[in-house]
Every structure is written in structure tokens, then in C-alpha cells.
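These entries record what I looked up in the structure shown below. I began with the sheet and then turned to the copies and to single elements.

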Protein chains: 2
Amino acid sequence: MMNDHPPHVAIVGCTGAVGREFMAILAERSFPMASLRLLASPRSAGKVIEFNGAPIEVRALDESSFEGVDIALFSAGGAISRKFAPIAVDAGATVIDNSSAFRMDMEVPLIVPEINGEALDAFRGPGVIANPNCSTIIALMAVAPLHRAVGVQRMVVSTYQAASGGGAAMMAELERQARDWAADRPESDEIRGRPYLFNLFSHDSAIDPATGYNAEELKMVRETHKILGDDSIAITATCVRVPVLRAHSEAINLTFREPGAMSEAEARQALAAAPGIRIVDDRAANRFPEPIDASGGDEVLVGRIRADISQPRGRGLDLFVCGDQLRKGAALNAIQIAEWLIARIGANV
Amino acid sequence: MMNDHPPHVAIVGCTGAVGREFMAILAERSFPMASLRLLASPRSAGKVIEFNGAPIEVRALDESSFEGVDIALFSAGGAISRKFAPIAVDAGATVIDNSSAFRMDMEVPLIVPEINGEALDAFRGPGVIANPNCSTIIALMAVAPLHRAVGVQRMVVSTYQAASGGGAAMMAELERQARDWAADRPESDEIRGRPYLFNLFSHDSAIDPATGYNAEELKMVRETHKILGDDSIAITATCVRVPVLRAHSEAINLTFREPGAMSEAEARQALAAAPGIRIVDDRAANRFPEPIDASGGDEVLVGRIRADISQPRGRGLDLFVCGDQLRKGAALNAIQIAEWLIARIGANV
């Protein structure tokens, strides 16, 4: 629980892809902190990581890790979150959790600050706040403003997801396969056991036997309903991993509730006015969102904005979005949640 | 015009990615030929290409190239087709054209043999037969059997297209960028002027100012209508190029005409019975169609077959398909058209 001091912050999973991004973004944004504690598995303990020029020693995560911590940023997988988030809360910390462990918990806010930050207004820490799934955040940055304006009845989403969603090891595997291929060596595939370079594959999360959808696709359905506070939106998604390093792309087809709900021009206006997104839509130059342009940036790029010719006028819209999976899809959104808490709730974090 | 001899065959564009594939497939399938003539631009004339162990000298394409030719396989772009296909037909040849030049011509059959081969029954050469767009062929191999069974009302397609669709030069650029990246050299991008390795981009065809759709997307709409003989199917597509070498993937969402039209089990049966496709759909092992598995093969792989949870029961279906763009998407389909002609029409080619 913070009082009148800037928060003591802990990062759980500091050596992972998202963990490193937490540190980069905290530094970039000069996030106000009384201290920063880096936590990881015992095998990383003792490692020294530099933050803003100062060395910080990584500590092994254990039951006593959260004494004195105000805000704990978790990104070490669902099992670690399930075990240690309650311990952190008991120690007085507010946990912002990047795993899926608590996202659908009725008591836990699931937040994209630009979309439903006000759902935090009733929050009083210590407690857990969940950071949504990366592809869901990136899609909703463009969909939410349109939904708010006219109501989305149905979404058909196809994703083009980056290696980073599979963690630092999957990013390294893609890079290693490129080096192996260029050197004419057999391509190492210890992470997935399959080629990734010059290939793509259905998202590597478990398939739900009842529906045939994978976990990533079902997250998009359920988390969208929770974030937008509207279970009536019909959603289907096909989630695919492509050989891109760290920005997700998504082709999104929307059906609005009413015929004539929104023209393409009106959609452009709504998107132009929405925070956190940038329209990249130059038809003459054939320049639209690309993962390489979204990578390392804070904004979700939105383009290929066009009225859907398969639906009555004003009833449907097609979009293509790209967003950095490690930033807006994970670490940045979590830190924006922390910033929202501090700005709006202050001492009650 | 063939008589009682196997056809004299010419390939226009023999040095391109599809041209090379024409030769590989003719050899593989022991396509019956009295002779094979290789035609290309003057800068390739004199080059010697081996076919079935015998050297064939490439000739410069000109007005006299088609004397004595029965079947001319064209893949040298729309401008070459528009100029030389009529010359070939005047010389007595039947042209099977891989460009988009004649596809929407009312007089020209647009053929995927497994789907609408019977549209050739009335054909009498010499004349032009058009080979459809690659992404359209690959999608329809899975969609047509379902449409025939219960009627498709609407399709939402997102593509993951390979470099090969942009030609041999684009494939080479992707490979070169991988070598440059691995060697820590600046990545050469003379073809597109942008990064392609670890990136993806909206399909590099011109955007139609009236609709905002690119040419590839509109081909899918129009060619689907022509091939299926049904203009009532509502179609939207988002066409994207991914860093994959030669097989296209597509996420396809279907709405059937009637609620309860087709269960997932019925869809699986219809797909299992359809020619030219192979179901790859192992939910337990998380193995579904991947471009690397479709590459070099004749079949379109179909998987992620599941009832669409965003629609009433039996009303919608999601699929993911992969097909070799150079083979079923281009050269193989063209040669299958030639085989159909010979088998069904024989001397009247």
C-alpha cells in the first residue's frame, strides 16, 4: 500500500521477454519509483541487470519477495501468478498480472486503460488487476471506439502473431533458424520441433475439445466480452503464428448492429479521435500497418480501413491492425494500468 | 489444333517462377508431348534449360513463336498475354493463361478442374482458357465442396500469401534478406524497398479507389463468382503477404445460406470426399496445415475445421487452408486443365 511516497515496484519474471520490456518502459517513461526489485526463478538469481545505469541484482522469487512492495508487475506464466500473486497481495502489494490466471475472475478488473480504465475507479489495493491477452488488447484498441459509437454485433478476426508471444526462447528460435538457414546448417527447432522460418502455424495453445478453438482464440472471445462489458458480441477468431519477431497483426471484419450504422468516413473519424492508435492508410502508396513499423512503438497502427463489400452499406467494416506484442500487448499496457492507478487513485494503490 | 499426335507444347515465361514449375510438373507427370518449346524475353534467348535430361534452348518470344504449337502455357504477366495469346490462337494453339488478362472475359472459361472442369465440355480450341488467381484456387478447393453441398452465403477470407506470388525476384529478395540479416549486413530491398524478412505487408497490388480493396482481394470476389457460377455469394477478403516462400495460407470463415445447414461432422465428410485436398487436423497434437508441408505438393491442406461459435448452430464454419502457390495456385492447375482437355476433348484441343 502506497502512502505519500512513490511506489516500491517489483518485477516478477524480469529475465523474460516481457520482463525486459517492463524495465525498458519504466526507464523510458521515467516511471516514479522508490525502488525496483527484480525477481526471477532461482536459476537467474544473482544475475545483475542494469536499470537506468545502476546495477540491480536479480533475486530468487519466494514467499518473502514482496515485503515493502507497492506494485508488483507479474509476467512469469500462469502457475507463478496463481501461486505468488496472493502472497504479494497479502504482503500489501497491488499485482498487475500479465498471465491469464486471473483475467476471467469476476473480482479482478481486466483493463486496457484507453478502453475501460474507469473500471479501476472502484479498485482499492492491495489486489490483483489483470492485463489482457496481447491479441485482444491490440484488436480492441481499434474495435472499442467503433463499438462505443455504433455497437459491434459480430467480429471475425484472423491473427498474424509474432514469436514474442511465445517468449524470448521462441524469438531466439526464429532468429537461430534464420542464421542456420543462411549458413546452410540444419535448422535447430528445440522449442517447437518444427520449422518456423519461412513458415507459419496455428497458434501453439491447446485446442478446446468442445469447440475446436484454441485457447488464444477463446481468450479473444471472453476477454473482449469482459473488457467491453458486453457478452452479446459474436466473435470468431483464427489465431496463427507468423515468422515475425515482436508485433502482432490482425485482420478484423466487423458487422455493426444496424444497417447503415457507420460509413467508412465515420469509422475513420472515430478511429482518428481514439487514443493510442495511429492510422496508417495510404492507398496510393500502398502503405498500411506493418509489424516492423509497430515494433518498439507505443501505438497500435490501424489501416486497410474500408467498408465491407460483402455486407449492406454501412453495416460492415474491414480493418488491419499491428501492435507491438511486448509493449501495448503486454508490458506497456501493464505500466499504463499502474500509471492510471497512481494518477487516479494515488495513495490507495 | 491437335490431331492424332500428342500435343506440341510451348511455355511462355519459361524462366519465371511459374515457368520453371511448368517444366517440373510436365516432367513429373510424364505429360504426353510431341515437343516442348521454351519461350521467354529476348534477354533470356539462347539460354539452355534441361528438360528430362535433354537441353532445350530458350527462344525469344515473337509473332512467329506459335507455329505448330497445340498448347501454349502462358505465365509472363498480363501485358504479354494480352499481346501474344491472340497470336498463339491465330496460329492454332490453345492458350492456358496464368495471368489475369482474360479471366473475367465472358468468352473465356476460368477453370479449376476439380471444381468446374465440366465448363470446358463446350470448349473447342484453338482458344484461351484462363487459370484463376492463386489464392482463389486454393480457397475454393475447400469452399466449393461445401458450397455445392449447402450453399455459401458469405465468405470472410484473410490470406497469408507467400513470396512466390510476387515472382522469382520476390522469393530471392526474401532469401537474400535472411542472408543479409544473418551476416549482419544492411538488408537489400531492391524489389519492394521495404523489409520483408520478419515482416509482412498488405498485398502489393493496386488499391481500387472506389472500394479500398486491392486487386488481389477483388479477384477473389469476382473469380469466385465466375468459377462457382454464383454471383450471390457475398465475399470480403484481406490479402496479406507473409515471409513464406511458396505456399499460401488462408483463414476462411463461411456463413451458410440456412441455419442448421451443415454440422462440423458433415463439413468434414464433404471435405474428405472432395478431390485434391487433404485434411490435416490433429487437435491433440496441435498439427494443422502449414505452408512448409504444402510446399512442393499437389494437394491443398485443410484444417482448423470447426463450427463457427459466432453464428447459430450449423450456420457457419471456420477453416484454414494451405496450398503451394506455384503448383495448385498456378502451374499444376494449368497443366491439369491441359490434361482435362486432352482426356475429354482429345483431338479438338
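I counted two strands as paired if DSSP finds at least two bridges between them; helices (H or I, at least four residues) and strands (E, at least two) are DSSP runs, numbered from the N terminus. The model is predicted: local features need pLDDT of at least 70, side-chain atom pairs count only at pLDDT 80 or more, and totals for chains, interfaces and linings use all residues. Residues are numbered from 1 along each chain as its sequence is written, and chains are lettered from A and ligands numbered from 1 in the order in which they are written.

Entry 1, the sheet of chain B. I found an open sheet of six strands with parallel pairing, in the order E5-E2-E1-E6-E7-E8. Strand E5 (59-60) and strand E8 (128-130) of chain B are its edges, each pairing on one side only. I then looked at strand E2 (residues 35-40) of chain B, which runs parallel to E5(B) and is joined to it by two bridges. Leu39(B) has Arg59(B) in E5(B) as its bridge partner.

I took residues as in contact if their C-beta atoms, placed from the backbone, lie within 7 Å. Axes are lines fitted to C-alpha atoms, for helices over the stretch in contact, and angles run from 0 to 180 degrees between N-to-C directions. Helix H2 (residues 78-90) of chain B packs on the sheet and touches E1, E6, E7 and E8 of chain B, its direction making about 160° with that of E7(B). Helix H9 (residues 327-344) of chain B also packs there, touching E6, E7 and E8 of chain B, at about 150° to E7(B).

Which residues of H2(A) are buried? I called a residue buried if 20 or more other C-beta atoms lie within 10 Å of its own, exposed if 12 or fewer, and partly exposed in between, with C-beta atoms placed from the backbone. The buried ones are Ile80(A), Ser81(A), Phe84(A), Ala85(A) and Ala88(A). Their cover includes strands E1, E6, E7 and E8 of chain A. Just after H2(A), Gly92(A) takes a positive phi of about 105°.

Conventions. Two residues are in contact if their C-beta atoms, placed from the backbone, lie within 7 Å.
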